[in-house]
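Good morning, everyone, and thank you for making the time.

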Amino acid sequence: MGAATGSSAAGRGRRDDHFRTFRGRFGTPTAYALAILFAGGCTFVALAASGPGADAVNRISIIVVGLLGALVAWRFGAVRAVPDPGGLTVVNYASRRHLDWPEIVTVRFGPSDPWVHLDLADGDVLAVMGIQRADGEHGMDEARRLVALIAELGEAPEPEQR
């Protein structure tokens, strides 16, 4: 694809689009909205509460629970995979891992998988929660784009070639 690797401004634009972040289409905005709702809703309830049981300890507890719920929801929204010419950084709920392109052997996205799985050269399997089955055809398109990136930027060599 000459335009993607050419030196024209349009070619560079297409190449930059090639490296756009993989992110859930519906899950990400929903998780962020829930985080705001948790934090704002619990804070509102805590500040508006009156009568028996509306003492400072209970109000602070309600706010803390809302903030913890918001933190969990925010982490759900933060899942993504960030490609660049040097590799792929996968951010899941509780972990972040950078992979060089040659470390990725295959991409699996079976019909019952909720998200993409990468088979790695060291034998590990890594979930990429930023490409989700719940996104329907968009998720499938993103999986195909990831496969194309891996093919372009260096699949891991077969074990007998090392």
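Let me begin with helix α5, residues 137-153, which lies across β5, β6 and β7 and runs at about 130° to β7. Please keep in mind, as we go, that what you see is a predicted model.

The three strands under discussion form an open sheet in the order β5-β6-β7, and their pairing is antiparallel. At its edges are β5, which covers 104-108, and β7, which covers 125-132, each of them pairing on one side only. From one strand to the next, the twist of this sheet averages 30°.

Now to one of the pairings in detail, where β5 meets strand β6, residues 115-120, in the antiparallel sense over four bridges. Which residue in β6 does threonine 106 stand opposite? If you follow the strands across, you will find that the residue opposite threonine 106 is aspartate 119.

Stepping back to the chain as a whole, we have five helices and seven strands, and from the N terminus on their order reads α-α-β-α-α-β-β-β-β-β-β-α.

Finally, some totals for the chain. There are 162 residues, of which 34% count as buried, while the exposed surface comes to about 9,400 Å², with carbon and sulfur atoms supplying 64% of that area. As for contacts, if we take those between residues at least 6 apart in sequence, 48% join residues that are at least 24 apart.

Notes. Residues are numbered from 1 along each chain as its sequence is written. This is a predicted model: local features need pLDDT of at least 70, side-chain atom pairs count only at pLDDT 80 or more; totals for chains, interfaces and linings use all residues. Side-chain values use heavy atoms; hydrogens and water are left out. Helices (H or I, at least four residues) and strands (E, at least two) are DSSP runs, numbered from the N terminus. Buried means under 20% relative accessible area, exposed over 50%, partly exposed in between (1.4 Å probe, protein chains only). Contact means heavy atoms within 4.5 Å. Accessible areas come from the Shrake-Rupley method with a 1.4 Å probe; for residues, only the protein chains shown count as cover. Two strands pair if DSSP finds at least two bridges between them. Axes are lines fitted to C-alpha atoms, for helices over the stretch in contact, and angles run from 0 to 180 degrees between N-to-C directions.
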